Amino acid sequence: GVYVIQEPRNQTERWLLQTVERQARQVGIGMPEVGIFDSAAPNAFATGMNRNSALVAVSTGLMQHMTDDEVEAVLAHEVSHVANGDMITMALMQGVVNTFVVFLSRVIGHIVDRVVFKVERGHGPAFWIVSMVAEVILGFLAMMLVMGFSRYREFRADAGAAQLVGKHKMIAALQ
């Protein structure tokens, strides 16, 4: 689980809170909750349904293996995700894309059923088979679209972090 810092217990927690607070102010969002999760891997994430109600968390491994400047850049990257509304955008995009995949696969199944197999009432086996195959193919294409947008979103968060803390800190964190 994530330990959310309510009252800082040490200098590191105080520094994390102050850093996120400063960055949130700079980008004009509400102060996110700040948390730490136990993991040896250097990692961080942001979550939340809107810009003014979010959580930014870092792993213990990130705190142990990166310099303060690098951690500051990682925090700026996560704060940029919050400022850009990336969490809700990705959830909505995935939902809309999935809806289209299901809808279009059914339309394709219906057309094949009626035109190719001349089914006049209800749905024949071709509808179900073609719908499932179309769903797999369209799902793969949709996944590529979502992944492409995700890469763009990550690039924007990196650029936002570089603006917040400077290019040299962001480059160091990425390395």
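Reader: So what percentage of the 175 residues in the chain count as buried?

Author: That would be 41%. Keep in mind that this is a predicted model.

Reader: And what radius of gyration does the chain have, next to a compact globule of 175 residues?

Author: The chain comes out at 22 Å, while a compact globule of that length would be near 16 Å. Along the principal axes, the C-alpha atoms fill a box of roughly 75 × 30 × 30 Å.

Reader: How many helices and strands are there?

Author: There are 6 helices and 4 strands. In sequence order they run β-α-β-β-β-α-α-α-α-α.

Reader: Switching topic: what volume does the largest pocket have?

Author: About 290 Å³. It has 18 lining residues, and Ala44, His77, Glu78, His81 and Glu154 are the closest to its centre.

Reader: What's the lining like by class?

Author: The largest pocket is lined by 10 nonpolar, 5 charged and 3 polar residues.

Reader: Which element gives the most to that lining?

Author: Helix H3, with 4 residues. Other elements giving two or more include strand S3 (44–50) and helix H5 (125–165).

Reader: Is H3 mostly covered or mostly open?

Author: Mostly covered, with 14 of its 17 residues buried.

Reader: Why does the end-to-end distance of H3 agree with what its 17 residues should span?

Author: Because at 1.5 Å a residue H3 should span 24 Å, and its end C-alpha atoms are 24 Å apart.

Reader: What comes just after H3?

Author: Gly85, which takes a positive phi of about 70°.

Definitions and conventions: Residues are numbered from 1 along each chain as its sequence is written. This is a predicted model: local features need pLDDT of at least 70, side-chain atom pairs count only at pLDDT 80 or more; totals for chains, interfaces and linings use all residues. Side-chain values use heavy atoms; hydrogens and water are left out. On a 1 Å grid over the protein atoms alone, a cavity is a set of points where a 1.4 Å probe fits but cannot get out, and a pocket is an open set with protein on both sides within 12 Å along at least five of seven lines; lining residues have an atom within 4 Å of a point. Grid points are joined across faces, edges and corners, and a volume is the space filled by probe spheres set on the points. Ala, Val, Leu, Ile, Met, Phe, Trp, Tyr, Cys and Pro count as nonpolar, Asp, Glu, Lys and Arg as charged, and the others, Gly among them, as polar. The expected span of a helix is 1.5 Å times one less than its number of residues. Buried means under 20% relative accessible area, exposed over 50%, partly exposed in between (1.4 Å probe, protein chains only). The radius of gyration is taken over C-alpha atoms; the globule rule is 2.2 Å times the number of residues to the power 0.38.
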